[in-house]
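Look at the sequence and the structure before reading on.

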Amino acid sequence: MLTIQDMYDLEHTIAKDYLLQFTYPWQALKGIKDFILAIGPSLEGYKEVSENVWVHESAIVAPTAFLGSPCIIGPKTEVRHCAFVRGSALVGANCVVGNSVELKNVILFDNVQTPHYNYVGDSILGYKSHMGAGSITSNVKSDKTLVVVKSKDEKIETGLKKMGAMLGDFVEVGCNSVLNPGTMIGRHSNIYPTSCVRGVIPENSIFKKDGTIVTKY
């Protein structure tokens with residue numbers, strides 16, 4: 001369940017062709033900036049509001065929001081008061097980037113919601129995934145060593161010092177949860193509020209606050 005094909009419906013992102021180059025989603029992180037710079041000038045219906053910052057004409061961006069270069073803000077997406085898009089952020093259609101949310105080096109598929117006080121860095125969030133208020137991705141290990149993706153059956157060296165979380169389609173993350181470096185959450189899974197999550201969470205699962213994982217029925 002760790003591959004891009006396992007976790008994402010690529011019909012819900014303009015990064016489809018880019019992501020198809022890779023097996024695992026974290027392999028796409030290093031090239032997000034260059035991909036945005038490559039496709040930005042050719043996007044139809046978008047306006048370059050500042051250098052290398054493309055915003056769709058139907059998007060709503062609060063005057064207090066900061067859009068760092070490079071980034072793409074998709075159709076009908078709402079970027080709210082004091083959002084901080086640091087750069088290298090590809091935000092899809094019908095998304096919410098909320099109050100005081102910070103994005104850095106990310107791909108947000110269509111209909112993703114990061115509505116309240118979230119930090120999302122070096123991460124990919126699948127179609128209709130949702131980060132509850134205050135939930136964050138932690139993208140650097142405390143000992144600064146390279147991130148390893150760990151499941152029950154295998155360990156995969158990513159070669160990355162910075163990697164947050166990969167959320168599959170329709171993932172729900174409860175309020176004030178921390179997704180530790182290298183977290184992988186399969187499609188249609190739920191994370192209880194105030195959880196500390198690490199490793200691989202299978203699709204169609206519920207991750208409880210004490211670390212117990214149960215299958216959804």
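**Charged pairs and overall fold**

Q: Is Arg80 buried, partly exposed or exposed?
A: The model is predicted: local features need pLDDT of at least 70, side-chain atom pairs count only at pLDDT 80 or more, and totals for chains, interfaces and linings use all residues. Residues are numbered from 1 along each chain as its sequence is written, and side-chain values use heavy atoms, without hydrogens and water. Buried means under 20% relative accessible area, exposed over 50%, and partly exposed in between (1.4 Å probe, protein chains only). At a relative accessible area of 28%, Arg80 is partly exposed.

Q: Which residue forms a salt bridge with Arg80?
A: A salt bridge needs a side-chain nitrogen of Lys or Arg within 4 Å of a carboxyl oxygen of Asp or Glu. In this pair the closest N and O atoms are 3.3 Å apart. Arg80 pairs with Glu78.

Q: How many residues apart in sequence are the parts that Arg86 and Glu102 tie together?
A: The side chains of Arg86 and Glu102 meet in a salt bridge, 2.9 Å from N to O. Arg86 lies in strand 7 (residues 84–91) and Glu102 in strand 9 (residues 102–108), so the pair links parts separated in sequence by 16 residues. Strands are DSSP runs of E, at least two residues long, and helices are runs of H or I, at least four, numbered from the N terminus.
The separation is 16 residues.

Q: Is Asp169 buried or exposed?
A: Asp169 forms a salt bridge with Arg187, with the closest N and O atoms 4.0 Å apart. Arg187 counts as partly exposed at 23% relative accessibility. Asp169 has a relative accessible area of 2%, so Asp169 is buried.

Q: How many salt bridges does the rule give?
A: Among them are Arg80 with Glu78, Arg86 with Glu102 and Asp169 with Arg187. The count comes to five.

Q: What is the radius of gyration of the protein chain?
A: The chain holds three helices and 24 strands. The radius is taken over C-alpha atoms, and the globule rule is 2.2 Å times the number of residues to the power 0.38. For 217 residues that rule gives 17 Å, and the chain comes close to it, so it is as compact as a globular protein of that length, with a radius of gyration of 16 Å.

Q: What share of the 217 residues in the protein chain is buried?
A: The C-alpha trace spans about 45 × 35 × 30 Å along its principal axes. Within the protein chain, the buried share of the 217 residues is 52%.
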